[in-house]
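This report looks at a few local features of one protein model. Please view the sequence and the structure first.

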Amino acid sequence: MIRAAKPAAALAALALTLLAAPSAPAVAAGADRVTGVTGQTGEARAAGDAADPLAALRRQQPVWHPCRTGPQDTAGAELDDAGARCTEVSVPLDHRRPDGPTLSIALSRLPATDPAHRLGALFYNPGGPGVPARHLSLALSLAAPALAARYDIVAMDPRFVGASTPLDCGWPTSGPGSAGPTRATFERSAALAEDLAGRCAPYRDVLPHVSTRETARDMDLVRAVLGERTIAYLGSSYGSYLGEVYLELFPERVGRAVLDAALDPDRFGPDLTATQGPAMDAALTAWAEWTSRHDDRHHLGTSTARVLAAVERVRRQTERAPLTVGTHRVDARILPQVLWTVSASDDTAAYTEFADLVRVLADAAEGRTAEPTALLEAVLTGLEAPDTGGSAAVQTAIMCADRAASRDPLAYYRDVQAHRADEPLFGPLTRNLTPCTFWPAQPAEPPTRVRNAVPVLLVGADGDPAATRAGQLSAHRALTGSRLVTLRGAFHHTVYAGMFAPRDACMDAAVDRYLLDGLLPAQDTDCIAARP
């Protein structure tokens, strides 16, 4: 996934979760010497059932306790105030070696507020990868009280994320950014990617097991420990891919599942972003059309073409020399990441905020004094900051473990060059290499091939710049029991319950009808987005 600072309104919950996640032991070098990774005792192995190597782990009795870990843990305190409880479950580092080292997986459970009509447990993953999920279960319960009434909402921090034996490689930045305009700028981004990969080398023994496939197995072990025969599932963004893998591995364990902004299961991995450039261009064009109708405020152009031309002038100027914006320097490496924030949302407030940001960049490109808006200051500060807590490193580690990347750096350069004409702004970012090209470990297993007929509801926006329309249709084809409800005319990521994008009553009704009443649409159908 592209790493860009998250715009204030649209994805604040994700950013705040990363900042407020309770502290937990970090991974240290060596699989048998990972803090929080322990070897099973002989007694536990002896208790195992020969027919079920995970029998002992399935029988563990979780100890539920308050979620708050200390005075500064406001997220945990909010969970406690809402009636949630937290616990930890032991899972194998490598599920194919259940008698080997184990990890601690942290989870929360919000009991159904109408227990007399309880439908079961709803497992929730909000996306990422690399985003802790436990506290966002509370956000879901507030956004969808009807679900919270009928389901226990269960959310686990995926392995090596948040409070689940976190991994932190100590990266000085979140990623290599754009390839830039020249071979020299590409090579600088490659050198940075190689340096970041090298910083994860001490953990090469655990890196093959940071995969979505292992997280899906963790989820099923948690299901068993909680005593649930089947679960309902709601996953958005990366959580949709986790759901796709879970459906493939454990089809008989899913009652009802909703995948919001489904990702392409045949492409998920470090090169998934290569498909996103055209969708990002479309999202930028939709914003430009709106902005042209408000030229009296933003002064970027009275037509869509003129607004896009203003953005193009900014791009060309950063290729000549960095822009000075307050105390920051905006060069061609980070400009596409800054402009990626157009994908946050497509409502009036977000469009206004982004237009103000572009106006500042345009002033800087024209040689005028330019002070950043609050959003631009947050974006630039975030892009310049080290990878505090390891969120970018573990996001990368998950994608590297799910699908191998090309080990030939020049393959990426050639791809960028081949698309400079048709994707001049976002192509050098979306098609650039990642640390996975230099990763110190290979995936432990081949990519999961998702092909099943489990009933599942897919929902998404046709202009989603991250979960592209083509990717959603690929997921729909792979999940032959699925129905697809599309929000037409929307250019934002995820659609349900207003969690990270504008709320849509039609989409909410489709999801609630399925999760609460078990009614899938008879056929694929559409909702029409309200446009600003």
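## Basis

This is a predicted model, in which local features need pLDDT of at least 70 and side-chain atom pairs count only at pLDDT 80 or more, while totals for chains, interfaces and linings use all residues. Residues are numbered from 1 along each chain as its sequence is written, and side-chain values use heavy atoms, with hydrogens and water left out.

## Helices H12 and H14

Helix H12 (residues 304–320) packs with helix H14 (residues 348–365) at an angle of about 50 degrees, and their axes are 9 Å apart. Helices are DSSP runs of H or I with at least four residues, and strands are runs of E with at least two. Axes are lines fitted to C-alpha atoms over the stretch in contact, and angles run from 0 to 180 degrees between N-to-C directions.

From H12, the contact (heavy atoms within 4.5 Å) is made by Val311, Val314 and Gln317, and from H14 by Val358, Leu361, Ala362 and Ala365.

## Thr87

Thr87 is in strand E2 (residues 85–92). Thr87 is buried (under 20% relative accessible area, with a 1.4 Å probe and protein chains only), at a value of 1%. The side chain of Thr87 reaches the backbone oxygen of Val63 at 2.8 Å.

## Arg503

Arg503 is in the loop between strand E11 (482–488) and helix H20 (505–517). Arg503 and Ala143 are 360 residues apart in sequence, but 9.8 Å apart in space, C-alpha to C-alpha. A polar atom of the Arg503 side chain lies 2.7 Å from the backbone oxygen of Ala143.

Technical notes. Buried < 20%, exposed > 50% of the residue type's maximum accessible area, 1.4 Å probe, protein only. Polar contact = N/O pair within 3.5 Å; in protein donor to acceptor, adjacent residues only side chain to side chain.
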